[in-house]
Amino acid sequence: MEGQDEVSAREQHFHSQVRESTICFLLFAILYIVSYFIITRYKRKSDEQEDEDAIVNRISLFLSTFTLAVSAGAVLLLPFSIISNEILLSFPQNYYIQWLNGSLIHGLWNLASLFSNLCLFVLMPFAFFFLESEGFAGLKRGIRARILETLVMLILLALLILGIVWVALALIDNDAASMESLYDLWEFYLPYLYSCISLMGCLLLLLCTPVGLSRMFTVMGQLLVKPTILEDLDEQIYIITLEEEALQRRLNGLSSSVEHNITELEQELDNVKTLKTKLERRKKASAWERNLVYPAVMVLLLIETSISVLLVACNILCLLVDETAMPKGTRGPGIGNASLSAFGFVGAALEIILIFYLMVSSVVGFYSLRFFGNFIPKKDDTTMTKIIGNCVSILVLSSALPVMSRTLGITRFDLLGDFGRFNWLGNFYIVLSYNLLFAIMTTLCLVRKFTSAVREELFKALGLHKLHLSDTSRDSETAKPSANGHQKAL
């Protein structure tokens, strides 16, 4: 009987492993297909040749798609775990959700950590060097020569990074135990290096998210139709049509030799056409869309941002009085044993919404920064090098999202796998400073956003607008219309 029970236990373990592997494969296949369509939408079509470069571009495309799929999986990891915990708590004995268990959740966290390391340290550097390689001098040109050069560059890069980490650790911790751990590559080097990358990703999120939270109001204002208050759209469309015709006549009258003037006029004509299209869209929009959707979305964004700041403030108070509020504190009761929110399923849904909102805001804030402004992908006109850079940036942001959400107290779900083993998560001063900086920076960005109009009027009244002290024009459109609807430059 004991032998039969042992065989039965082995069979159940085998079947559960096969079931979990199949679920993970299906989920990743869906993410990979979606990521492939996203990248091909932005990839430059001129890169599709039928030669050696085409093979290199295709390999880099597959690696970039894999990285973007891993990034999407890292974003969905925490929301999926939260909703799974609530489902298991509500339906503990349901037959149709037996596949959803703690083993599957832990496996997904481990796979996300493993693939994030693989993409960040191996696949993306390989794709970049492979794309830029030409082969060593004296060797026959071809794919093999480019692969050889790429592998040599990867080895040199790995030696450089390992040397920097070795020297840094030798300077910081100069005791015997630390020196002995320097020779442990798998158990010490890689986790420590990924911990540093995670800290950099969290710092990048700390910089991008407050900017994105204030920038979201402008972005949504550009996507939605604003209410028409004391505006005559017919008059604005009439004026912009006259300007379009005037620019078209000027273009037809210029000779082809004046290329610089033609380029400037074509750019102005495109801006006028864009503005005319937006005015026509505002005119065709229904009253419900103009007067209800836009205010509702703005109020919703304000509520979500306010809740995020309040949760961070409450987390700061918890950190001061309770040690278990630390991200690397005591472990919870486990998946499916207790609800993570005092409001049950509603609270869990609110946490998921806030996590997605923070991720979208961080991406918007990332592309709003001047240093990363050139990274913005363009439809059918983005090179593979820029795609690789975007994939790496999104991977760093998405991998740090679960850590940031837990550090800020947006959720109480414990970080699983290697995500909860980062050394800096146990440092009280780092965690407290992170929360304080996030709350202060977010508040300042929102105050700056909503007082921009007042500051502009004060600058004009004091005669300081000529000094360009205010940079609120970055939040507006490139072709900014004046009060009567046409561009001031024209």
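Is serine 368 buried or exposed, and what is its relative accessibility? At 14% relative accessibility, serine 368 counts as buried. Here, buried means under 20% relative accessible area, exposed means over 50%, and partly exposed is in between (1.4 Å probe, protein chains only). This is a predicted model, where local features need pLDDT of at least 70, side-chain atom pairs count only at pLDDT 80 or more, and totals for chains, interfaces and linings use all residues. Residues are numbered from 1 along each chain as its sequence is written, and side-chain values use heavy atoms, with hydrogens and water left out.

**View 1. The whole chain is built with 13 helices and 0 strands.** Follow the sequence along and you get the pattern α-α-α-α-α-α-α-α-α-α-α-α-α. Helices (H or I, at least four residues) and strands (E, at least two) are DSSP runs, numbered from the N terminus. Of the 490 residues in the chain, 41% are buried.

**View 2. Serine 368 sits in helix α10 (residues 345–368).** Look for valine 211 too: serine 368 and valine 211 are 157 residues apart along the chain.

**View 3. Helix α2 (residues 52–90) meets helix α11.** The two axes come within 9 Å and cross at roughly 15°. Axes are lines fitted to C-alpha atoms, for helices over the stretch in contact, and angles run from 0 to 180 degrees between N-to-C directions. So α2 and α11 are roughly parallel to each other. The cut-offs go like this: under 35 degrees counts as roughly parallel, over 145 as roughly antiparallel, 65 to 115 as roughly perpendicular and the rest as oblique. The crossing of α2 and α11 is left-handed, a label used if the near helix is turned anticlockwise from the far one by less than a right angle (right-handed if clockwise).

**View 4. Valine 56 belongs to helix α2.** With 1% relative accessibility, valine 56 is counted as buried.

**View 5. Helix α3 (residues 102–132) pairs up with helix α11 (residues 384–407).** Their axes come within 11 Å and cross at roughly 160°. That makes α3 roughly antiparallel to α11. As α3 passes α11, the crossing is left-handed.

**View 6. Serine 113 is part of helix α3.** Serine 113 is buried, and its relative accessible area is 1%. Now find valine 70, which is 43 residues from serine 113 along the chain. The C-alpha atoms of this pair are separated by 9.4 Å.

**View 7. Ile33, Tyr36, Phe37 and Phe62 make a nonpolar surface patch of about 410 Å².** Helix α1 (residues 2–42) gives the patch its largest share, 3 residues. Isoleucine 33 lies in α1 and is partly exposed, with a relative accessible area of 49%. Patches are made of residues with over 30% relative accessible area and no salt bridge: like charges are joined within 9 Å, nonpolar side chains (Val, Leu, Ile, Met, Phe, Trp, Tyr) within 5 Å. A salt bridge is a side-chain nitrogen of Lys or Arg within 4 Å of a carboxyl oxygen of Asp or Glu.

Methods:
Areas by Shrake-Rupley, 256 points an atom, 1.4 Å probe, with all protein chains shown as cover.
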